[in-house]
Amino acid sequence: MCPPGPSSPSPQPPALDGGWGWVIVASGFLALLLGYGSPQSVGVLYPEWLLVFGEGKATTAWVGSLVTGVGLVVGPVCSACVVCFGAQPVTIFSGVVGAGGFILSAFAPNIAFLIFSYGIVVGVGLGLLYAAILTITCLYFDRRRGLALGIVTTGTSVGGFLYSTLQSELIKLLGLDGCLLIVGVLALNVVACAGLMRPLTPSRFYLKQRAAVLKGQLQEEVPTNQKPAGTDAVITMETKDQRVKRRSLSSCSGFVKMKMRHYTQGLSSMGSLLQDRVFMALCMSLFFFSLGNTPPQIFLEDLAHSSGLTGDVHSLSLISLVSIGAGVGKLGLGVTADVPRVDSVLLYALTVGVSGLGVLLIPFASSYLHLQVLSVILGFLSGNWTLTPYITGQVVATEKFAEAHGILMFFGGVGIMLGPPVVGRFYDVSQSYDVAFFISGSFMMLCCIILFLASVLSRRETLPTAPETEPVSCAVTMVTTSPVT
């Protein structure tokens, strides 16, 4: 990991808010569509895996839960990779990793191998892809950042809608293995999307390597019998965006000490966040929401099959309807959060409460049409993930936003990983989804209560927050050390 140095950060180039930025939005949208299409419609593959491997629902559910949860849990590490190496190289690497995971899954001999290839390998690739796309989008947009992020993240929902139908047809034509091979080949096109992601600033890795080359050239130019003029020679490197200065080898020990001090300060900052009552309430609420909201997206199609409700006329699968609703929800809720006087915490709590009520109604569905309506509603409300950056910006200081958002995503990832296996275990024991969905809905209602309490606490406590009129910045700051004068 490459943490920033202790000196004052160099100014970032101004965000473009248009121009090539819209090319970044288009390429990011397509990359997320290709990468997240299959994982977002994993409910189509779930019944096939049950038939092929003959394992219990709880064990098989680990595949779908890990592919999304792992990407969130390793989110802080993925963000650090983007800071060090840049969004473009990370996007290329994520495309190779994700495609490799899909192709390996086509040759999975058992469910354990599938959990590794589809759940973990693809999950890590998605985590890298998501961090890279969001970072470079934030770099190119400032005033229109909310709109840009809304369009980009909708790619996951559009991908889920398209891939739910595509995977169903591919399974009929080529079987499960052939379907996963085609999905893997399509995922390789993420590499092509990365070619359009032109960076605004050089990455830290490039700056370090360039500085090392210039140091070597300077040492070769100085005669061996001549002592350099200064004991702390400065190496200056010109880039198209800024002038980067690096100290010579004589200051390496001090630089290491400063980095260690920075790591200590980072851990202390994370510790202070975990001691904040409002922030911890948000973490717990996101954990319970993820625990209860994810299982319906995976098990709804299997519920329809096991309950004999698929005999009705239906042109769209439940997974497709969930994806359509999620895409509309991300844009709609994102625009609503930008409206003045709208409390994003209360808005998020409202969406969670209605989602919990919808999950509680699933066991009472008596036809496929009822499940379709509930799928659209739950999909629309699941778009509230767009609100998490707004909520984070309301309860923590701007300088702690990155750490706070990473911690929140970690709690959400753990909830996503545990939710489907827990629901699957309840089905294996009771041979019914009713109890499992009642428990999921109860978790979400508990999450709603916690969020309302968090909103009350956030109004009573004085917290250092950024001005409401300024968007939260997630730009990657290039930091360098200055020579001692």
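Start by selecting Cys 283, which is buried, with a relative accessible area of 0%. Here buried means under 20% relative accessible area, exposed means over 50%, and partly exposed lies in between (1.4 Å probe, protein chains only). Before moving on, note that this is a predicted model, where local features need pLDDT of at least 70 and side-chain atom pairs count only at pLDDT 80 or more, while totals for chains, interfaces and linings use all residues. Residues are numbered from 1 along each chain as its sequence is written, and side-chain values use heavy atoms, leaving out hydrogens and water.

**Cysteines**

Next, pick Cys 193, which also counts as buried, at 5% relative accessibility. How many disulfides does a search of the whole structure find? The search returns 0, with a disulfide taken as a pair of cysteine sulfur atoms within 2.5 Å.

**Aromatic rings**

Now show the rings of Phe, Tyr and Trp (for Trp, the six-membered ring), which pair if their centres lie within 6.5 Å; planes under 30 degrees apart count as stacked, over 60 as edge-to-face and the rest as tilted. By this rule there are 9 aromatic pairs. One of them joins Tyr 36 and Tyr 130: the ring centres are 6.1 Å apart and the planes stand at 65 degrees, so this pair is edge-to-face. Tyr 36 lies in helix α1 (residues 20-40) and Tyr 130 in helix α6 (residues 111-140), so the pair ties together parts that are 94 residues apart in sequence. The helices on this tour are DSSP runs (H or I, at least four residues), numbered from the N terminus. Is each tyrosine buried or partly exposed? Tyr 36 is buried at 11% relative accessible area, whereas Tyr 130 is partly exposed at 28%.

Then select Trp 49, Phe 102 and Tyr 118 together, as they form one aromatic cluster. For a charge over a ring, go to Trp 20: Arg 198 lies over its face, at 4.2 Å from the ring centre. The rule asks for NZ of Lys or CZ of Arg within 6 Å of the ring centre and within 35 degrees of the ring normal.

**The salt bridge**

The structure holds 1 salt bridge, defined as a side-chain nitrogen of Lys or Arg within 4 Å of a carboxyl oxygen of Asp or Glu. Select Lys 172 and Glu 169, whose closest N and O atoms are 4.0 Å apart. Both residues lie in helix α7 (residues 145-187), 3 residues apart, about one turn of the helix. Lys 172 is exposed at 66%, and Glu 169 is partly exposed at 39%.

**Two contacts across the sequence**

Move to Ser 79 in helix α4 (residues 75-85), partly exposed at 36%. Then try Leu 333 in helix α12 (residues 318-337), buried at 6%. Leu 333 and Leu 381 are 48 residues apart in sequence, with 8.6 Å from C-alpha to C-alpha.

**Last stop: the surface**

Finally, select Trp 62, Leu 418, Val 422, Phe 426 and Val 435, which form a nonpolar patch with about 360 Å² of accessible area together. Such a patch joins nonpolar side chains (Val, Leu, Ile, Met, Phe, Trp, Tyr) within 5 Å, from residues with over 30% relative accessible area and no salt bridge. Areas come from the Shrake-Rupley method with a 1.4 Å probe. Which helix gives the most to the patch? Helix α16 (residues 401-430) does, with 3 residues. Val 422 lies in helix α16 and is partly exposed at 35%.

Note on methods:
Patches are made of residues with over 30% relative accessible area and no salt bridge: like charges are joined within 9 Å, nonpolar side chains (Val, Leu, Ile, Met, Phe, Trp, Tyr) within 5 Å. Helices (H or I, at least four residues) and strands (E, at least two) are DSSP runs, numbered from the N terminus.
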